[in-house]
Amino acid sequence: MKETLFNATQIGPMKVSNRFAMAPMTRSRTDQPGDIPNDLMAKYYSQRASAGLIISEGTPISAKARGYSLTPGIYSEDHVKGWKKVTKAVHQEGGKIFIQLWHVGRRSHSAISGSRPLAPSELKEPDKVFGPIDDKNFGMIETELPKEMSKEDITCVLKEFKVAAKNAMRAGFDGVEIHAAHGYLLDQFMRAPINKRSDEYGGNIEARLKFPLQVVDEVCKEIGADKVGIRLSPFVMEGTQQEDPEIIELTYELLSELNKRNVGYVHFSENISRYTEATLEFRQKARDLYHGKIIIAGKLTPERAQKILNEGYADIFAFGQPFITNPDYVRRVKEDHPITPIDYASHSTFYGGGEKGYTDYPFISEEK
Ligand SMILES: Cc1cc2nc3c(=O)[nH]c(=O)nc-3n(C[C@H](O)[C@H](O)[C@H](O)COP(=O)(O)O)c2cc1C
């Protein structure tokens with residue numbers, strides 16, 4: 001029988017009740033000071049628990065990993081306590097939730113990260129991030145020239161990933177997604193124009209994969225490979241102006257390494273920022289090289305997702321903006337109810353603020 005988006009599947013031993021994932025989305029509604037997850041966030045995520053899998057907003061693994069103000073952390077006891085409210089609320093509604101572990105690398109400013117941003121090399125490109133513009137207000141600010149990571153910095157960040165993964169389990173998450181997409185730290189190490197290191201972490205493809213794979217290994221050792229996913233965006237140019245002609249070849253190499261390690265899923269982010277289309281050749285090769293679950297995201301419609309499922313190129317489909325305005329997106333699609341569209345008003349409440357544009361979108365049962 002044909003698989004549909006409404007059929008259950010598994011990530012490792014974990015059951016996922018349908019093929020819809022809620023894509024990771026920064027919403028910047030933490031309690032201050034301390035960037036603490038709160039009751040409002042618990043409500044928002046639990047409203048969306050009918051997605052087979054929720055992937056949390058990007059969550060900095062340390063203060064230095066931070067590139068955006070107001071995003072939640074997973075490095076203090078208060079963060080763990082705050083996230084417990086979220087995971088408990090999602091589980092009560094029968095959902096599953098992974099946390100997206102995030103280090104932004106050079107895409108930051110010391111006004112946000114507390115010290116010079118870290119990067120594989122001391123290279124900056126024009127780029128803006130969300131940070132303080134004065135004592136009270138936040139807005140887009142230009143990134144700062146980063147510091148080339150020393151061996152000690154590398155050891156320190158590996159430890160931060162390990163502790164963050166451990167904290168995530170203590171906070172009740174079902175697993176973690178390592179953010180290796182969108183021009184953030186791990187993506188920076190992988191891309192030749194950004195990683196100009198002359199030590200064992202730079203140079204050929206194998207060297208550029210060394211640090212990302214060390215991160216994967218640390219996290220897998222801590223919590224078990226089947227609870228680990230990784231987000232990649234080889235077809236997206238985000239945070240960089242410079243093409244990397246080797247990025248697809250590097251991704252193939254990475255996929256075979258991830259396969260050896262049995263990580264639970266690989267999540268491809270597509271169709272955002274400056275991008276090219278993922279090719280069918282890439283999709284087929286990804287399947288051949290990597291045998292865990294594949295998630296695809298990026299301006300999907302249910303029809304497009306079903307087509308890719310039929311073709312056999314992915315197992316789970318992550319939707320971002322549809323879940324912002326439709327907490328019961330899965331039911332609406334299944335029962336053919338109208339979908340609340342994203343409009344300009346929703347854009348202005350994407351980042352920051354309170355309930356408005358966050359927890360006040362109606363369920364279909366409330367509309368009738
Ligand atoms: C408000 C907003 C915040 C986002 N924050 C993140 C994030 O924290 N981490 C991430 O990997 N992607 C982030 N994304 C990208 C989404 O995960 C997703 O890939 C993108 O929105 C495309 O999917 P869609 O067309 O279904 O929305 C964000 C997107 C939006 C709209």
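A residue counts as near a molecule or strand if its C-beta atom, placed from the backbone, lies within 6 Å of it. The model here is predicted, so local features need pLDDT of at least 70 and side-chain atom pairs count only at pLDDT 80 or more, while totals for chains, interfaces and linings use all residues. Residues are numbered from 1 along each chain as its sequence is written.

Around the ligand sit 22 residues, and Ala 23, Thr 26, Gly 58, Gly 320 and Gln 321 come nearest. Two or more residues of this shell come from strand S4 (53-60) and likewise from helix H10 (321-325); helices (H or I, at least four residues) and strands (E, at least two) are DSSP runs, numbered from the N terminus. The shell splits into 10 nonpolar, nine polar and three charged residues, where Ala, Val, Leu, Ile, Met, Phe, Trp, Tyr, Cys and Pro count as nonpolar, Asp, Glu, Lys and Arg as charged, and the others, Gly among them, as polar.

Elsewhere, helix H7 (residues 247-260) packs against helix H8 (residues 280-289) at about 25°, with the axes 8 Å apart. Axes are lines fitted to C-alpha atoms, for helices over the stretch in contact, and angles run from 0 to 180 degrees between N-to-C directions. That makes H7 roughly parallel to H8 (angles under 35 degrees count as roughly parallel, over 145 as roughly antiparallel, 65 to 115 as roughly perpendicular and the rest as oblique). H7 brings Ile 248, Tyr 252, Leu 255, Ser 256 and Asn 259 to the contact, and H8 brings Phe 282, Lys 285, Ala 286 and Leu 289 (C-beta atoms, placed from the backbone, within 7 Å).

Overall, the chain has 13 helices and 16 strands.

Note on methods. Contact = placed C-beta atoms within 7 Å.
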